[in-house]
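Let us walk through this structure one piece at a time. Keep the sequence and the 3D view side by side as you read.

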Amino acid sequence: MANDVHESPSAVPAESPSSNDVREDRPHDPRHHVTLENLHTERRSFAPLASFAAHSNATLFEYKKAEADSLEYWKEAARRLVWKEEFSEILDWSDAPVARWFHDGVLNACDNAVDRHVREGRGDRIAFHFVGEPGDTQTITYSDMHERVQKAANGLLSLGVGKGDRVAIYLPQIPEAVVAMLACARIGAIHSVVFGGFSAASLRQRIDDAEAKLVITADGGNRRGSHLPLKPLVDEALAPSIAHPGFAASVEHVLVVKRTGQPTEWTDERDVWWHDVVDPQPAEHEPEWVDAEHPLFILYTSGTTGAPKGLWHSTGGYLTGAAHTHRIVFDLKPETDVYWCSADVGWITGHTYIVYGPMINGATQVLYEGTPDTPHQGRWWEIIQEYGVTIFYTAPTAIRTFMKWGESIPDGFDLSSLRLLGSVGEPINPEAWMWYRRVIGGERCPIVDTWWQTETGSIMISPLPGVTATKPGSAMTAMPGIAADVVDDEGRPVRGGEGGYLVIKEPWPSMLRGIWGDRARFARTYWNRFDGMYFAGDGAKKDIDGDLWLLGRVDDVMNVSGHRLTTTEIEHVLVAHPWVAEAAVVGATDAITGQAVVAFVIVRGDAEGVPDDGAAIADALRTHVRKEIGPLAKPRDILVVSEVPKTRSGKIMRRLLRDVAENRPVGDVTTLADSSVMDAIKDGLASGK
Ligand code: 6R9
């Protein structure tokens, strides 16, 4: 279907084979997933539109400059920030793998994101169109932001929080979340945002690991028409218990935003209202000027072992990566664009592409509190229509959900303002990419499929709009200045057409600086697998043109709706339940969420009160996981089995369980300690036991 492929007369021809293998006969089936096999046959390619290329922020020259001298390239990018004192050294790699970028420069993140715009005459520009789920709205200019961050900074200082202190932020997606992050940055405090969907236990673990002095929360948030409680979970997280005596002892105050107005318990000497503490403060505050390497934030993410790790990012390098990539990947024209990133500020995408990157670039953004289907399944498209959103950044899991709901829903709205679409969080399957392009983008918007991680801080692999031809399902090429490659088991680059491990071979400004409180773990986790290279944990394929196709994690990290979860993290929680003797968790392919959590559990023979029926056991355990970690970790399926397959050295063979979970014939069982185990599992499941 040649007209599906917009070959433009621009300077950059699509070099790969184009329309001859277009599978237009295949219905748009959301179950069609990215697998190595179908990526091998993907041949469609879309050249950049000449009309876009004529005005794009990025040019081919970008790559040339970076290739010629990557340090100079980054120096130029860093110079776009406002520095209180200029840096003289670009990179100090003498203590590799811990990098120091622009380390003798001095700056402040909030000054860059807010004050500079006011100073430079852009105070009246709208920073946020906030849309609450119940329909309340706020229009917040950069000047308004300036006032709010200064008051909040003074409020934090009045609570005894200062430079270097850690502040946990557990808020819904409301303007105060952005204000709280920037106010921390303004006083040099280190924020640790915990996604509002995490449980009290997860929050407690994160507060404790970072020894947070203050928790900023709200009474609740709005979710699917009801009030999601937050403050009660903070109370639970901070309550001393027999299991955790002296837990979260670092916390001196809880600062509470009134969002829903629901009744809230109060601990007098500890809890304070935001409106009592922040609102009366003077709106003048001189930012705390910090060294470029001063920690800006900690963000917890799942690793390959049980406990989530606190990754921390610097100020100067991180902000350089955030602002620079946002400018060239999203082609932001701050005077005319309306940008909307649908991520929650509790994830790295919200940090880099709602708070820091776009605000430094002076963007006008949409910030939406709720879910896409409240009060109706066209809510997002209604928001795009109403605010004239031009740049839209979301996740494949959302796109697949919209495909399932049907294209008549977006078709009912005017989406003609859109000019650029982005995707992040997991591999996007080619059919979802094509749907996004056609139904949402009206076949005129370039799609940037952006690969990156909490660790990388900013986008590492992506097409540049106006420059790079795109292929559905491929994140295409490394960003200028990023030395990404695909290597084999021995760390040798693979040839075109082959798959392997994705690595990054040179340091980059927004790379994580470490794991909070555990210096050795940083080097061990990321730099040990291949000598001198950062190993991301993802598999990838290089095609014959050298373009990159991400294939998902090669470790025990699952990706559920773009959120990272570790198999062991959920196994630990299951085994902590009195009924469970043993648990094995796998990520199974799921049509909507990408992967879904599937748990195999062995029930203890001696446990009391265990229901006879597997479904009742599964229900109880699902609730247990939800309570311990949060709703996003809740297993889709819990299967009660009598054994789990193990190697002779006792390692659970998740590969075989994944075969069962995905209804596939079970693979090679020769390394099993007991080869009859798989038959027992299948027989048990077939008989419904
Ligand atoms: C930004 C973010 C990181 C993991 C990463 C990879 C997966 C993210 C992707 C993608 C394929 C993309 N991932 N973007 N896979 N294509 N465009 O999501 O950070 O939460 O740390 O997750 O997500 O597996 O390793 P984070």
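Start with glutamate 89, which counts as partly exposed because its relative accessibility is 33%, and partly exposed covers the range between buried, under 20%, and exposed, over 50%. The model you are looking at is predicted. Where does glutamate 89 lie? Find the loop between helix H4 (70-78) and strand E1 (91-92); glutamate 89 is there. Glu85, Glu89, Asp104 and Asp291 gather on the surface in a patch of negative charge.

Now turn to the strands. Strands of a sheet pair through backbone hydrogen bonds, and the pairing is either parallel or antiparallel.

Strand E7 (residues 190-193) pairs with strand E14 (residues 297-301) in the parallel sense, over two bridges. Pick out histidine 191: its bridge partner in E14 is phenylalanine 297.

Next, find another parallel pair. Strand E4 (residues 126-131) and E17 are joined over four bridges in the parallel sense. Here histidine 129 has valine 366 of E17 as its bridge partner.

Stay with strand E17 (residues 365-368). Which way do its side chains point? Gln365 and Leu367 point one way, while Val366 and Tyr368 point the other way. Are these residues buried or exposed? All of them are buried.

Notes
Residues are numbered from 1 along each chain as its sequence is written. This is a predicted model: local features need pLDDT of at least 70, side-chain atom pairs count only at pLDDT 80 or more; totals for chains, interfaces and linings use all residues. Side-chain values use heavy atoms; hydrogens and water are left out. Buried means under 20% relative accessible area, exposed over 50%, partly exposed in between (1.4 Å probe, protein chains only). Two strands pair if DSSP finds at least two bridges between them. Patches are made of residues with over 30% relative accessible area and no salt bridge: like charges are joined within 9 Å, nonpolar side chains (Val, Leu, Ile, Met, Phe, Trp, Tyr) within 5 Å. Accessible areas come from the Shrake-Rupley method with a 1.4 Å probe; for residues, only the protein chains shown count as cover. A salt bridge is a side-chain nitrogen of Lys or Arg within 4 Å of a carboxyl oxygen of Asp or Glu. Lys and Arg count as positive and Asp and Glu as negative; His and the chain ends are not counted. The place of a charge is taken as NZ of Lys, CZ of Arg, CG of Asp or CD of Glu.
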